[in-house]
Amino acid sequence: MTTSGSQPVYKRILLKLSGEALMGNAEYGIQPEVISRFAQEISELNAQGVQLGIVIGGGNIFRGAGLAASGMDRVSADHMGMLATVLNALALQDALERNGTFCRVMSAIRIHEVCEDYLRRRAIRHLEKGRVVIFAAGTGNPFFTTDSAASLRAVEIGAELMLKATQVDGVYDADPQKNPDAVRYDTLSYDEVINNRLGVMDTTAVVMCQEQKMPLRVFDVHRYGNLTDIVYGKNVGTLVK
């Protein structure tokens, strides 16, 4: 964790949070204690003046690609996946507001009764006003993952760093949960990620980060303090640049 008197290295970040991270030890849905813990650390950073945009997935409820693989029309399946991300975004918004943190959910598809439409300039204004902004419904288009949405939103809002929260503490040359000899990388280039098919994010998302020179850090979301340490400049997880 940080020491008193130190200053954040990054003023504005984009956090990509998977829906699966919200499940905790459950097999489905949202564990209240897990989302509350995420909200606590996000609120602490927000209180320190860090501007946070968040893209959240929906894999804890529906995965469009998985439904399509089972025979469902891909467009319909992806639309269902988008709606799942809205559910998660509203849950995280509630957890943040219970901490006293101002938060806005902005959806790439129109659901006026429950959240705002995504407008780039309005999103940036929210961030400048000190509000956490959660971007829901991916890009609003089928066939694009929430990883791609995260890369897109990071570039659009002018984030200084994109963070990919995962279940492990960085990028490995093999699955560390299956191979105890897997080696973790401290730094990688985008070309290495793509050419070696390391599975950090889908290729579309990685290429966008590469083209726009958006640095990406992959870290373990379940260790409290990792997010704060990264924002304050500590070497946590794997940096892709």
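How many of the 11 residues of helix α5 are buried? Select residues 146–156 to find out. Eight of the 11 are buried, so the helix is largely enclosed by the rest of the structure. Buried means under 20% relative accessible area, exposed means over 50%, and partly exposed lies in between (1.4 Å probe, protein chains only). Helices (H or I, at least four residues) and strands (E, at least two) are DSSP runs, numbered from the N terminus.

A word on the source. This is a predicted model, in which local features need pLDDT of at least 70 and side-chain atom pairs count only at pLDDT 80 or more, while totals for chains, interfaces and linings use all residues. Residues are numbered from 1 along each chain as its sequence is written, and side-chain values use heavy atoms, with hydrogens and water left out.

**Stop 1: around α5**

Stay on the helix. Its buried residues are Thr 146, Asp 147, Ser 148, Ala 149, Ala 150, Ser 151, Arg 153 and Ala 154. Now show what covers them: the cover includes β1, β2, α3, β5, β6 and α7 (203–211). Zoom to the start of α5. There a side-chain oxygen of Thr 145 comes within 3.3 Å of the backbone nitrogen of Asp 147. This is a polar contact: a pair of N or O atoms within 3.5 Å, where within protein one must be able to donate a hydrogen and the other to accept it, and residues adjacent in sequence count only if both atoms are side-chain atoms. Then move past the helix to Gly 158, which follows α5 and has a positive phi, near 70 degrees.

**Stop 2: the whole chain**

Zoom out. The protein chain has eight helices and 11 strands. Its radius of gyration is 17 Å, close to the 18 Å that the globule rule gives for 241 residues, so the chain is as compact as a globular protein of that length. That radius is taken over C-alpha atoms, and the rule is 2.2 Å times the number of residues to the power 0.38. The C-alpha atoms fill a box of roughly 40 × 40 × 35 Å along the principal axes. Of the 241 residues, 49% count as buried.

**Stop 3: the cores**

Select Leu 17, Leu 92 and Ile 134. Of the 39 residues in the largest nonpolar core, these touch the most other members. Such a core is a set of buried Ala, Val, Leu, Ile, Met, Phe, Trp, Tyr and Cys residues joined through side-chain atoms within 4.5 Å. Several elements each supply at least two of its residues, among them β1 (12–17), α1 (32–47), α3 (74–98) and α8 (226–231). A second, separate core of 29 residues includes Ile 157, Leu 188, Val 200 and Val 240. In soluble globular proteins, nonpolar side chains tend to be buried together.

Centre on Ile 134. Leaving out residues up to four places away in sequence, Ile 134 touches residues including Ile 54, Leu 92, Cys 103 and Met 106. Contact means heavy atoms within 4.5 Å.

**Stop 4: cysteines**

Select Cys 103. Is this residue buried or exposed? Cys 103 counts as buried, at 1% relative accessibility. Cys 209 is buried too, with 0%. For Cys 103, the nearest cysteine sulfur is that of Cys 115, 11 Å away.

**Stop 5: Thr 238**

Go to strand β11 (residues 238–240), where Thr 238 sits. Thr 238 counts as buried, at 0% relative accessibility. Show its side chain and look for two partners. A polar atom there lies 2.9 Å from the backbone nitrogen of Val 171. The side chain also reaches the backbone oxygen of Tyr 185, at 2.5 Å.

**Stop 6: loops**

Select Gly 59, in the loop between β2 and α2 (64–69). Gly 59 is partly exposed, at 21%. Beyond its neighbours within four places in sequence, Gly 59 contacts Gly 19 and Glu 20.

Next, select Arg 197, in the loop between α6 (190–195) and α7. Arg 197 is exposed, at 77% relative accessibility. Its phi is positive, near 50 degrees. Most residues other than glycine have a negative phi.

Finish on Lys 213, in the loop between α7 and β10 (216–220). Lys 213 has a positive phi near 55 degrees, and at 72% relative accessibility Lys 213 counts as exposed.

Terms used. A disulfide is a pair of cysteine sulfur atoms within 2.5 Å.
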